[in-house]
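Please work through each task before reading its solution.

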Amino acid sequence: MPIRRYPLPQLPDDDHFRNLDWVETGNAPVLALGRDYSAGLLVPFHSHTRTQLWWARGGVVLMRTERGRWMVPPGHALLIPAGMEHSAEMISDVRMHSIYFAPELLRAERPMVMEINPLAGSLVDALVSVENETMSARREQLVTDLLLEEIGRLQERPLGLPFPRDEKLAALCRQFLQAPSAAASIDQWADRMRLSRRSFTRFFRKETGVSFVTWRQQACIFASLPLLADGEPITNVALDAGYENVAAFTTMFRRMLGSPPSVYLKTYLGQ
């Protein structure tokens, strides 16, 4: 199975759509692309006919679709279904490694953030190689087959944040992300929506698929990652997010990402 590879230069932002054309017109069943993005760059909404594995080799990126947002921190990847419209905002300088699979090789029913283990990372790196590196067809086939096998074993992390279709509720969700607070209450939101507590909880779950408490917890951790990546002290991030103490923040962080903030920062951000 031949694999097209692409070098990893600092490409001008206006080359993005040229890359999209390259992905869409490529005949190989698996394509690999590497790119460096500058902080603040916004990639507009687009889609692929292939299933995409978008790995944040370094940096933090925020992915958006019509139905949700996904935070992709270092060491994690977002699996994007073929045909799904999505955009990307670079929260920091980002090094991206992406693998594009023909849908018959890898299907995805929904976006999901997965933690990339060392084996999967090495396999992606092998495919996203420099332009003049040679790889035999047999090695390409073996690497690809093993990567497909390994993707099915990766740990999913709850870094997706579903967004409601209702405009008024969506506005509240966006405001919350600007100033997240673990102390935000159902009653406060119900009052702003002019609904009873019971009606609001039902409405929120219908719109997002999760309870308000679950969404609030995810949103607080979701919003903390860019701050931690920027070197903000854990204590400041925890208190700014409305947690009474660092221990409570650490417990929730470990529950969502599998390790406490200090270990996560050392492992993925080198801090």
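**Exercise 1.** Determine how the span of helix H6 (residues 197–208) in this predicted model compares with the span expected at 1.5 Å a residue.

*Solution.* Helix H6 has 12 residues. From its first C-alpha to its last, H6 reaches 16 Å, close to the expected 16 Å.

**Exercise 2.** Which residues of H6 are buried, and how are they placed around the axis?

*Solution.* 
1. Buried means under 20% relative accessible area. In H6 the residues Phe-200, Phe-204, Glu-207 and Thr-208 are buried.
2. These residues lie on the same side of H6, because they cover an arc of only 75 degrees around the axis.
3. An α-helix has 3.6 residues a turn, so residues three or four places apart point the same way.
4. The other side of H6 carries Arg-198, Arg-202 and Lys-206, which are exposed.
5. The packing partners of the buried residues are strand E12 (160–162) and the helices H4 (167–178), H5 (186–193) and H7 (212–229).

**Exercise 3.** Classify the crossing of H7 and helix H9 (residues 246–257), and describe the contact.

*Solution.* 
1. The two axes come within 10 Å and cross at roughly 95 degrees.
2. Angles of 65 to 115 degrees count as roughly perpendicular; H7 is therefore roughly perpendicular to H9.
3. H7 contributes Gln-217, Gln-218, Ile-221, Ser-224, Leu-225 and Leu-228 to the contact, and H9 contributes Phe-249, Met-252, Phe-253, Met-256 and Leu-257.
4. Of the residues in this contact, 8 are nonpolar, 3 are polar and none is charged.

Terms used. Residues numbered from 1 in each chain as written. Predicted model: local features only at pLDDT ≥ 70, side-chain atom pairs only at ≥ 80, totals over all residues. Heavy atoms only, no water. Helix = DSSP H or I, 4+ residues; strand = E, 2+ residues; numbered from the N terminus. Expected span 1.5 Å × (residues − 1). Buried < 20%, exposed > 50% of the residue type's maximum accessible area, 1.4 Å probe, protein only. Arc of directions from axis to C-beta. Contact = heavy atoms within 4.5 Å. Axes fitted to C-alpha atoms, helices over the stretch in contact; angles between N-to-C directions. Parallel < 35°, antiparallel > 145°, perpendicular 65-115°, else oblique. Nonpolar A, V, L, I, M, F, W, Y, C, P; charged D, E, K, R; others polar.
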